[in-house]
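Take a look at the protein shown here.

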Amino acid sequence: MKLAILALEGCMHSAIAGVADVLSLANHVMQQSGAAPRFSWQTLSLDGRDVRAGGGRMVAVDGAIGRRGRFDAILVPGNLVDHVTAARLQPQYARAGAWLRRQHANGRLIGAFCSGVFLLAGSGLLDNRRATITWWLQGELRQRHPTIDLAADAVITVADRIVCAAGPMSWVDLLLRLIEMVDGKEIAKLCADYVVIDTAQRSQSIFMPVGYLLSQDPLLTKADLLVRRTGKSPMTVKRLAGALGLSERTLNRKFQELTHEPPQAFITRRRVEHARTLLETTTQPVKTIARAAGYEDESSFRKAFRKLTLMSPQAYRARRMERTA
């Protein structure tokens, strides 16, 4: 696997150094076992000059994006800049986005994490595609790019050779997924094992502070939290109303005012969204996913899933697998 890391002013230095460490260790382990090293990487900037990372340290680069080079995937780190600096850097972002579009059109994998997802979104690469971003940037991403199919719970998404990972440290998940897509699951698992990385599937929902959620919308965000954390016990309108300290009639009126749909529709959408994430990121059978999404009856789950996605759970998973192949 040949990887290119795009370094822009204000980028997170941890990902650039961390990727080099993980791949160096993987190559070392393979050499010790008698196999040839499998990974190479280069760090590129727009003009071939070293760049200043978000923490102030200089990042040495190997060349410019215009230099002819062969690589399988491109990793776009998140950045650590304020909105004023981001506005100043817009011409650089536009140039980088245009280059990424060309690389994707030429068949390369593109991966971004945390605020780096905004660079892909601004380039148009995420239009009408499924993507994720860290929970505290989701509102801004929705507002600026409403055509993105945002997977709010997902730590990582894959759609049409574009991989998005959520948080500032999610470059680890991103790197392993890129390795898996280029060199296969066994090599990715081997890398994870030797650097002692937990590859278990997880959801962003467990990291979202209640205070943050309540500051966004006191009723809807608390309801969202209750539905997502209900576990295998099915959430009903009656249970939700009781947990929110409201009567069912009051709950229905408030949801109609805020969402223009009844609370049951809200519950169903959150269940199906969680199921979509599990279908994309795990190999669990549909029956298990149905229970994890809060459905005791598998047929009810299938009916609700088809109503919202216009396809069966199996067809949805198969379609996602085709797009990531």
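Which kind of link joins the side chains of Arg-38 and Asp-183? They meet in a salt bridge, at 3.3 Å from N to O. Keep in mind that this is a predicted model.

**Overall build**
- The protein has 15 helices and 11 strands.
- Its radius of gyration is 21 Å, close to the 20 Å that the globule rule gives for 325 residues, so the protein is as compact as a globular protein of that length.
- Buried residues make up 50% of the 325 residues.
- Carbon and sulfur atoms account for 52% of the accessible surface, which comes to about 15800 Å².

**Salt bridges**
- The count comes to 14 salt bridges.
- Arg-38 sits in the loop between α1 and β2, while Asp-183 is in helix α6, so their bridge ties together parts that are 145 residues apart in sequence.
- Arg-38 is partly exposed, with a relative accessible area of 36%.
- Arg-129 pairs with Asp-160 in a salt bridge, with the closest N and O atoms 2.9 Å apart.
- That pair links two loops: Arg-129 lies between α4 and β8, and Asp-160 between β10 and β11.
- Within helix α6, Glu-180 and Arg-177 are about one helical turn apart, and they form a salt bridge.
- Glu-180 is partly exposed at 28% relative accessibility, whereas Arg-177 is buried at 15%.
- A network of salt bridges links Arg-130, Asp-149, Glu-273, Arg-276 and Glu-280.

**Helices α6 and α7**
- These helices pack at an angle of about 145°, with their axes 7 Å apart.
- On the α6 side, the contact residues include Glu-180 and Asp-183.
- The contact has 6 nonpolar, no polar and 3 charged residues.

Conventions. Residues numbered from 1 in each chain as written. Predicted model: local features only at pLDDT ≥ 70, side-chain atom pairs only at ≥ 80, totals over all residues. Heavy atoms only, no water. Axes fitted to C-alpha atoms, helices over the stretch in contact; angles between N-to-C directions. Helix = DSSP H or I, 4+ residues; strand = E, 2+ residues; numbered from the N terminus. Contact = heavy atoms within 4.5 Å. Nonpolar A, V, L, I, M, F, W, Y, C, P; charged D, E, K, R; others polar. Rg over C-alpha atoms; globule rule 2.2 N^0.38 Å. Buried < 20%, exposed > 50% of the residue type's maximum accessible area, 1.4 Å probe, protein only. Areas by Shrake-Rupley, 256 points an atom, 1.4 Å probe, with all protein chains shown as cover. Salt bridge = Lys/Arg side-chain N within 4 Å of Asp/Glu carboxyl O.
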